[in-house]
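Let's take a walk through this model together, from its helices to its loops. Have the viewer open beside you as you read.

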Amino acid sequence: MGFGGVVIAALINGVLTGGVYSLTAVGLTLIWGVMGISNFAHGSFLMVGMYITYWGTTLLGIDPYIGCLISMAVMFVVGWLVQKYLVERMMDLPHYNQMLLFLGLSIVIENSALFFWPDYKQLQVSYQFNLIPFGNFTSLELVRVIAFAIAVSLTTGVYLFLKFTSLGKSIRATSQNVFAAKVVGINIKKINCVTFAIGIACAAGAGAVITPFFPTYYSVGSLFLLTGYVVTCLGGMGNLAGAMVGGLIIGVAESLGTIILPGGQKQLLTYGIFLLLLVFKPKGLFKFAGYWQSH
Amino acid sequence: MTPELKTPFSPRKNMGVVLAIIAIAFFIGLPLLKNNFLLSIVMEMFLLAYLGQTWNIFSGSTGLLSFGHAAFFGIGAYTSTILLLKFNLSPWIGMLVGGLLSACVGMAIAYLSLRYKVRGVFFALGALACSEFIRLLTLAWIPLTNGAQGIMIPWKGENLLMFAFGVRKKYLSYYVILIMLALCSYIAYKIKKSRLGYYLAAINGNEDAAEMLGIHALKYQVMTMGISTFLAAWAGTFYAQYYQHFEPDVIFGAMRNFNIIFPVVLGGSGTVLGPIVGAVILQGFEGIVRNIIPSNWYGVPRIFYGLILVILMMYMPGGIVNFVKRKLRHSSPEKKTSAGGK
């Protein structure tokens, strides 16, 4: 497998990982676009999703992908409650307070996980090491392919939900102009709850699908949080499709970065891209959407 | 407000001045107790307060959260130490060089992030990304920074000119950090009361209105960031010289950023006393916690800090000092007759 083979393998793996980044970013950008709040606890919720799936498989023997659905359902409810009783009160406060609130929340969640399970856990499933041959020079890990498939279905599902269902349209309306949405009778509080819940469920889903190949530990969230934000900014804040594409771009960039950079500090490339973005195209590659269009 | 009630020597102000004098005397005289352990705890507290104060100089007055001040702390530490080890340059000078480098990076990030409309969030992310970028860069650039192992400053004997004080003369280091803290707080106070401070307050209150008045928001925000990061680097040099060893994950770690921000937010950002009060409370809390909670209960103290932060943001977002100030203002007789007033 020559150098070209390595690059192509890296590209494909990058796309596979990118799907998961897209899912994380979709949750983030949805919350950002509709409610205008930056959810710094997104990574922690992803981590909780991972742990739910992990324990589901380890203790109850549930397949992690079924565990993914369970974890998403649970975190949907959790997100709803968090929004209703905690976030709702913070909606009018300045950004400063909101960010710190979420930071505090993420610290509580992450350190609780640290307290209960201080070690790195790795989920083991029977098909973990199965490989799918790709072409005749490289093969892909089955679990990564499934993760990608699920992530893409979920992001597409969210996109279609927003585009075609009436609840989805209400959400989009709220993101465009809250006042006008109120005027036409949309229940903003409920919309906020649903949006936040969907966002958190996306995070949990992203966490759940990576459990077979990524270690589960208390601070896994912060990795995905920053990358999620880079993707969100790359795609344009509030722009769902942009987040989907941005995730793939970052995934590929990171993957290529592993080849180029010494010591495998691939995140250097991700943050470097973000800094470049700030310099040249801070509005992201695609346009802003939703809340941020008018702010 | 009736003029005859406002005298320059009201009893409340007198009490404040007396308390301040007692506190200052206490801290200056502390080394006389000859308790090195106590000195080191207070020094940690001062370092925390100092870093918080530098953060406060920027984030307190502009209202823009900087999640990346650890980077500037680290730049200071690494710059002065590398200059010391490679060129035998005195850390006192290295401190200034580190400060300048820090200021350049800080101002660059501030400029890049604050150019566009979505200032608050972009800036927080930009600062965080910058901090992480520098941390990873430090880890990767092994020939210069020794990577994850960190740098160790060999002990070459006591030398005041080379910022090497030694364990026996701990009180010298103590006085250095005390003076640094006093200096930084003084600068914070001066900025607050100066034209720059008023400009920043105006920008913080309503940026568009301020711009309409001709206050160039970006310029002053970037300038303040420069001051803030310049001073933050000094803390890095102090840390390096005092502890004589540091590594990227300790200097630049996520917890470092939180440790810088939390005391200030707790104490009251935007006030000069805030970071100091917050650092005192936090250090005290940490001391208590270390004795109560078993050491294998990882993360439990931080759970408390997180909870405190959440509750603080919900009920007391201005921090303790602002809360106390408000209470004092509402109970003073003059203000009850004036209309409004925040």
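Helices (H or I, at least four residues) and strands (E, at least two) are taken here as DSSP runs, numbered from the N terminus. The model is predicted, so to speak of local features pLDDT must be at least 70, and side-chain atom pairs count only at pLDDT 80 or more, while totals for chains, interfaces and linings use all residues. Residues are numbered from 1 along each chain as its sequence is written, and chains are lettered from A and ligands numbered from 1 in the order in which they are written.

A residue is called buried if 20 or more other C-beta atoms lie within 10 Å of its own, exposed if 12 or fewer, and partly exposed in between, with C-beta atoms placed from the backbone. A:Leu46 has 30 other C-beta atoms within 10 Å and is therefore buried. Two residues are in contact if their C-beta atoms, again placed from the backbone, lie within 7 Å. Setting aside residues up to four places away in sequence, A:Leu46 touches A:Thr24, A:Ala203, A:Ala204, A:Ala206, A:Gly207, A:Gly221 and A:Phe224. As for A:Asn187, 141 residues away along the chain, its C-alpha atom is separated from that of A:Leu46 by 28 Å.

How many residues does each chain bring to the contact? Chain A brings 37 residues and chain B brings 39 residues. On the side of chain A that touches chain B, α4 (95-116), α9 (220-235) and α11 (266-280) of chain A each supply at least two residues. Of what this side contains, α4(A) gives the most, with 15 residues. For residue classes, Ala, Val, Leu, Ile, Met, Phe, Trp, Tyr, Cys and Pro count as nonpolar, Asp, Glu, Lys and Arg as charged, and the others, Gly among them, as polar. By that scheme, the side of chain A that touches chain B divides into 24 nonpolar, twelve polar and one charged.

Within chain A, turn to helix α5 (residues 142-164) and helix α6 (residues 166-176), which pack at an angle of about 85 degrees with their axes 5 Å apart. Axes are lines fitted to C-alpha atoms, for helices over the stretch in contact, and angles run from 0 to 180 degrees between N-to-C directions. Since 65 to 115 degrees counts as roughly perpendicular (under 35 is roughly parallel, over 145 roughly antiparallel and the rest oblique), α5(A) and α6(A) are roughly perpendicular to each other. Here A:Phe161, A:Leu162, A:Lys163 and A:Phe164 of α5(A) meet A:Gly168, A:Ile171 and A:Arg172 of α6(A). This contact has four nonpolar, one polar and two charged residues.

In chain B, helix α8 (residues 195-205) has B:Tyr199, B:Leu200 and B:Ile203 as its buried residues. Seen down the axis of α8(B), they fall within an arc of 100 degrees, so they line one face of the helix; the arc is that of the directions from the helix axis to the C-beta atoms. What covers them includes α2 (36-62), α9 (207-212) and α10 (217-243) of chain B.

Most residues other than glycine have a negative phi. B:Asn88, in the loop between α3 (69-87) and α4 (91-114) of chain B, has a positive phi near 55 degrees. B:Asn88 is exposed, with 9 other C-beta atoms within 10 Å. By contrast, B:Ser269, in the loop between α12 (254-267) and α13 (274-292) of chain B, is buried, with 27 other C-beta atoms within 10 Å.
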